[in-house]
Amino acid sequence: CEGALTLTCGETYLVNNEECATVDEVQGCADATPADPTAGLWFSFIGTGNEMTVSTCYQGTTIDTYLSVYEGSCGDLSCVAGNDDQREPFYNDLCPVTFVASTVAMNTVEGQEYFVLAMGVFGEEGDFEVGLSCVLEGCTDVTACNYDPEANSDDGSCTYPEEDYLDCDGNCVNDVDADGVCDELEVEGCT
């Protein structure tokens, strides 16, 4: 796992296991042992404390893939999760792009480094695309004062103006005469 490529939430790598890849003598982490494994590539990511998903379910995947996720150091790896072709244990989410893609969704420990070995199986070599998606908690309501465009899971933290006629900073939304009194609070005849 030395020299692993860093996976970042929302990004993918299009890679090829025919060149610059080796067959590693490490235990596969899925329920089934990898059959006739071909060379694999190493990736790493840092846990967020939330669910994170590693997948080869992308347009660039042209071979049967097998994913293993480990924790520990390169000389002392321990299996965390693995997958061969669809998400275990229910196998009810076959990839619509290619049915031989693999997906691992797992809860992570914040700050923990994880290593991913993505390899071909059944002697297959070629291109595959691997990516990381993450649960990023925050306010997902675009009308809220603290909207977070990076968030993809609402955590209930959204805040709103105290009154309909105020903006997020407590200023009047409508103040035609610019006297500092919101039009909704103006009393006719008073200045």
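Guide: Let us begin with F122, which lies in the loop between strand 8 and strand 9 (127-134); strands here are DSSP runs (E, at least two residues), numbered from the N terminus. The model is predicted, so local features need pLDDT of at least 70 and side-chain atom pairs count only at pLDDT 80 or more, while totals for chains, interfaces and linings use all residues. Residues are numbered from 1 along each chain as its sequence is written, and side-chain values use heavy atoms, with hydrogens and water left out.

Visitor: What is the phi of F122?

Guide: Most residues other than glycine have a negative phi. F122 has a phi near 55 degrees, a positive value in a residue other than glycine. A178, in the segment after strand 11 (153-154), likewise has a positive phi near 55 degrees.

Visitor: Is F122 buried or exposed?

Guide: Buried means under 20% relative accessible area, exposed over 50%, and partly exposed in between (1.4 Å probe, protein chains only). F122 has a relative accessible area of 51% and is therefore exposed. A178 is exposed as well, at 63%.

Visitor: In which order do the strands of the open sheet stand?

Guide: Strands of a sheet pair through backbone hydrogen bonds, either parallel or antiparallel. Two strands are taken as paired if DSSP finds at least two bridges between them. Here, 4 strands form an open sheet in the order 2-9-4-7, with antiparallel pairing. Strand 2 (12-16) and strand 7 (103-107) are at the edges; each has a single partner strand, so one side of each lacks a neighbour in the sheet. From one strand to the next the twist averages 15 degrees, taken between N-to-C directions of lines fitted to C-alpha atoms, on a scale from 0 to 180 degrees.

Visitor: How many bridges join strand 4 and strand 7?

Guide: Strand 4 (residues 51-55) pairs with strand 7 over 5 bridges, in the antiparallel sense. T53 has A105 of strand 7 as its bridge partner. T103, also placed in strand 7, counts as buried because its relative accessibility is 12%. Its side chain makes a polar contact with the side chain of S55 at 2.9 Å; such a contact is a pair of N or O atoms within 3.5 Å, and within protein one must be able to donate a hydrogen and the other to accept it, with residues adjacent in sequence counted only if both atoms are side-chain atoms.

Visitor: Which strands form a hairpin?

Guide: Strand 5 and strand 6 do, with 2 residues between them. Strand 5 also runs antiparallel to strand 8 (residues 113-120), joined by 7 bridges.
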